[in-house]
Amino acid sequence: MTIENLSRNKSFGGWHKQYSHRSTALNCQMRFAVYLPPQTLAGVKVPVLYWLSGLTCSDENFMQKAGAQRIAAELGIAIVAPDTSPRGDDVADDPDAGYDLGLGAGFYVNATQAPWQSHYQMYDYVVSELPALIEQTFPVTYQRAIAGHSMGGHGALTIAMRNPDRYSSVSAFSPISNPINCPWGEKAFTAYLGQDREVWRQYDASELMRTAQEFVPALVDQGEADDFLTTQLKPEALLAASKESNYPLTLRRHEGYDHSYYFIASFIEEHLRFHAGHLKI
């Protein structure tokens, strides 16, 4: 597969690079960013943390705002941040529907409904196509962890729980924990997946955690001053589900913190060290 380097920036002895490639899963040109820590310059292969961003974001939000590169360089972890949806003039969108549907709002599902199904196969892209590309192109191992924020937190949790053999650990900031029971999730799932709520359950972190039999260690941080806390995020559903299945979930709630990257930057070091412990590096 051919990829094009769009930009490169030296950071903490490593390199942040942005690439474009043609995605078979999404049937469009896609962009992703990768941070390669300094260990890779010496020929050492390193594990990968996949980061999934939230609504309206792209690969740039996390890489520019989270401040993760310093700790990734210390620990020897590569970070890969894909875009949050397919992009392009021929990709379905509904500008009148708002920011929470269409471009920038892929929800990390495989859409089954028209007109979305032709491009919105973000689940397959994140789980299969992108890791295959990363592992054949860059000096990385087959060890993977996954994390995300908000919509991306939902994606990280559901992808990890559905693929426990592929990820050593999962973490999330302010995840949409119970999308089948919140406005963002109901809107997106109806459009992308149709009316059958049983189908929705396979993309709901709380539903998956409640019935889990294989476990990926999970860390979730939630700000108590988050404007979306009670209507959209519902961490209490995730916590209740973890108790039913004895899932290894650590859920921490932080007074005064909101939904922004100020929150993420405050605790990203702890998340990276959590993943490093499970990646055994």
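By class, the residues lining the largest pocket comprise 6 nonpolar, 6 polar and no charged residues. The structure described here is a predicted model. The pocket holds about 180 Å³ of space. Its lining consists of Gly54, Leu55, Thr56, Cys57, Tyr99, His149, Ser150, Trp184, Phe228, His259, Ser260 and Tyr261. Rolling a probe the size of a water molecule over the atoms shows where empty space is left.

Thr56, one of the lining residues, lies in the loop between strand S4 and helix H1 (59-65). Thr56 has a positive phi of about 75 degrees although it is not a glycine. With a relative accessible area of 54%, Thr56 is exposed, because the cut-off for that class is over 50%. Most residues other than glycine have a negative phi, and most peptide bonds are trans.

Strand S4 (residues 46-52) is mostly covered, with 7 of its 7 residues buried. On one side of the pairing list stands strand S6 (residues 140-149), which pairs with S4 in the parallel sense over 6 bridges. Within this pair, Trp51 is placed opposite Ala147 of S6. Strand S5 (residues 78-82) also runs parallel to S4 and is joined to it by 3 bridges. Here Tyr50 stands opposite Val80 in S5. In a regular strand the side chains alternate between the two faces of the sheet.

Leu52 belongs to strand S4 and is buried, with a relative accessible area of 0%. Its contacts, leaving aside residues up to four places away in sequence, are Pro82, Tyr108, Val126, Ile146, Ala147, Gly148, His149, Gly152, Gly153, Gly155, Ala156 and Ile159. Leu52 and Met151 are 99 residues apart in sequence, yet their C-alpha atoms are 8.0 Å apart in space. Tyr108, one of the residues touched by Leu52, lies in the loop between S5 and helix H3. Phi of Tyr108 is near 55 degrees, a positive value in a residue other than glycine. Tyr108 is buried, with a relative accessible area of 0%. The loop between S5 and helix H3 (122-137) also contains Pro115. The peptide bond from Ala114 to Pro115 is cis, with omega near -5 degrees.

Val140 is found in strand S6. Its relative accessible area is 6%, so Val140 counts as buried, the cut-off being under 20%. Beyond residues up to four places away in sequence, Val140 touches Lys45, Val46, Val48, Ala78, Ile134 and Glu135.

Ser174 is found in the loop between strand S7 (170-173) and helix H5. Ser174 is buried, with a relative accessible area of 0%. Residues up to four places away in sequence aside, Ser174 touches His149, Ser150, Asp221, Gln222, Asp226, Leu233, His259 and Phe263. Among these contacts, His149, Ser150 and His259 also line the largest pocket.

In helix H5 (residues 183-193), the buried residues are Trp184, Gly185, Ala188, Phe189, Ala191, Tyr192 and Leu193. Seen down the axis of H5, these residues fall within an arc of 165 degrees, so they line one face of the helix. They pack against helix H4 (151-162), helix H6 (197-200) and helix H8 (229-233). Just after H5, Gly194 takes a positive phi of about 95 degrees.

Helix H9 (residues 235-245) has Pro235, Ala237, Leu238, Ala241, Ser242 and Ser245 as buried residues. Viewed down the axis of H9, the buried residues fall within an arc of 155 degrees, so they line one face of the helix. Lys243 and Glu244, on the other side of H9, are exposed. The cover over the buried residues of H9 includes H4, helix H7 (205-210), strand S8 (218-223), H8 and strand S9 (249-254). Just after H9, Asn246 takes a positive phi of about 55 degrees.

How values were computed:
Residues are numbered from 1 along each chain as its sequence is written. This is a predicted model: local features need pLDDT of at least 70, side-chain atom pairs count only at pLDDT 80 or more; totals for chains, interfaces and linings use all residues. Side-chain values use heavy atoms; hydrogens and water are left out. Buried means under 20% relative accessible area, exposed over 50%, partly exposed in between (1.4 Å probe, protein chains only). Helices (H or I, at least four residues) and strands (E, at least two) are DSSP runs, numbered from the N terminus. The arc is that of the directions from the helix axis to the C-beta atoms. Contact means heavy atoms within 4.5 Å. Two strands pair if DSSP finds at least two bridges between them. On a 1 Å grid over the protein atoms alone, a cavity is a set of points where a 1.4 Å probe fits but cannot get out, and a pocket is an open set with protein on both sides within 12 Å along at least five of seven lines; lining residues have an atom within 4 Å of a point. Grid points are joined across faces, edges and corners, and a volume is the space filled by probe spheres set on the points. Ala, Val, Leu, Ile, Met, Phe, Trp, Tyr, Cys and Pro count as nonpolar, Asp, Glu, Lys and Arg as charged, and the others, Gly among them, as polar.
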